[in-house]
There are 2 protein chains.
Amino acid sequence: MDKTRKYPCYAVIFRSTQTDCQEGYTETAARMEELARQQAGFLEIQSFRSPAGEGVTISYWKDLPSIQAWKQNPEHQTAQQLGKKKWYENYTIEVARIESASHFSQNGPELDTPRSS
Amino acid sequence: MDKTRKYPCYAVIFRSTQTDCQEGYTETAARMEELARQQAGFLEIQSFRSPAGEGVTISYWKDLPSIQAWKQNPEHQTAQQLGKKKWYENYTIEVARIESASHFSQNGPELDTPRSS
């Protein structure tokens, strides 16, 4: 949660459920996160899981071309193919424009980022 | 993950870390989810947690006025005040316009929703 982030920026919301075959998944997921962090326009990435086992990874990017370039990265493309072949029962990838944000902290003032037009 | 959803729609990404005092949280969170589902323009809600304990709840809405109305709901407002007073160490709420989505399933064709202009 980066309070200095400039808006609008973009998020990729990647929601997935996994197959029974997770061989190689953990290593590849860690490598993809490492690789994403090196891309131009990368801002942040965080992964979460629901009680029912659905995963979501939210990555934040400066703009749409950065997201497109990351999607086309050759090592990432290989991982995407493996994901479809082995690891994911199903997934949804949503591309979202983050228009505004507000922050709260017990230790600081509440911050609002005005909505862009 | 609703494959029939129409885009663009909107998501509220609510990321939070909790305090040591979680008295009453579970009941209120469940009630808020129940209440959200009854609001006009509500599409979906799902909660996740990261390995480090950060929570994220993503709710999906038809449009911005639906989100604004939910934010102003009196019972929700009371819960928001309790959250700031007791349950949340900090949080970030991001409002995002979901512009496009793609789906993959082992059991079906890959679907792409064209990006709206």
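How many aromatic pairs does the count come to over all chains? The count comes to 16, where rings of Phe, Tyr and Trp (its six-membered ring) pair if their centres lie within 6.5 Å, and planes under 30 degrees apart count as stacked, over 60 as edge-to-face and the rest as tilted. One of these pairs joins A:Tyr25 and A:Trp87 in an edge-to-face arrangement, with 5.7 Å centre to centre and 75 degrees between the planes. Because A:Tyr25 belongs to helix H1 of chain A and A:Trp87 to helix H3 of chain A, the pair ties together parts that are 62 residues apart in sequence. Both A:Tyr25 and A:Trp87 are buried, a term that denotes under 20% relative accessible area, with exposed meaning over 50% and partly exposed in between (1.4 Å probe, protein chains only).

A further pair involves A:Phe42 and A:Trp61, whose ring centres are 5.5 Å apart and whose planes stand at 85 degrees, so this pair is edge-to-face. A:Phe42 lies in strand S2 (residues 42-49) of chain A and A:Trp61 in strand S3 (residues 55-61) of chain A, so the pair ties together parts that are 19 residues apart in sequence. A:Phe42 counts as buried at 15% relative accessibility, and A:Trp61 is buried with a relative accessible area of 0%. Ring pairs also link A:Phe14, A:Tyr25, A:Trp87, A:Tyr88, A:Tyr91 and B:Phe104 into a cluster.

The model is predicted: local features need pLDDT of at least 70, side-chain atom pairs count only at pLDDT 80 or more, and totals for chains, interfaces and linings use all residues. Residues are numbered from 1 along each chain as its sequence is written, chains are lettered from A and ligands numbered from 1 in the order in which they are written, and side-chain values use heavy atoms, with hydrogens and water left out.

Attention now turns to the helix that holds A:Trp87. Helices (H or I, at least four residues) and strands (E, at least two) are DSSP runs, numbered from the N terminus. Helix H3 (residues 74-87) of chain A has 14 residues and reaches 19 Å from its first C-alpha to its last, close to the 20 Å expected at 1.5 Å a residue, the expected span being 1.5 Å times one less than the number of residues. Its buried residues are A:His76, A:Ala79, A:Gly83 and A:Trp87. They cover an arc of only 55 degrees around the axis, which puts them on the same side of H3(A); the arc is that of the directions from the helix axis to the C-beta atoms. The buried residues of H3(A) pack against strand S1 (9-18), helix H1 (25-37), helix H2 (64-72) and S4 of chain A. The face turned away from the buried side carries the exposed residues A:Pro74 and A:Lys85.

Strand S4 (residues 88-105) of chain A includes A:Ser102, which counts as buried at 14% relative accessibility. Apart from residues up to four places away in sequence, A:Ser102 touches A:Leu111, A:Asp112, B:Tyr91, B:Thr92 and B:Ile93, contact meaning heavy atoms within 4.5 Å.

How are the two chains related? Chain B can be laid on chain A with an RMSD of 0.0 Å by a turn of 180 degrees and a shift of 0.0 Å along the axis, the superposition being by least squares on the C-alpha atoms of residues with pLDDT of at least 70 in both. The two copies are therefore related as by a two-fold rotation axis. The same surface serves both copies, as 100% of the contact residues of chain B recur in chain A.
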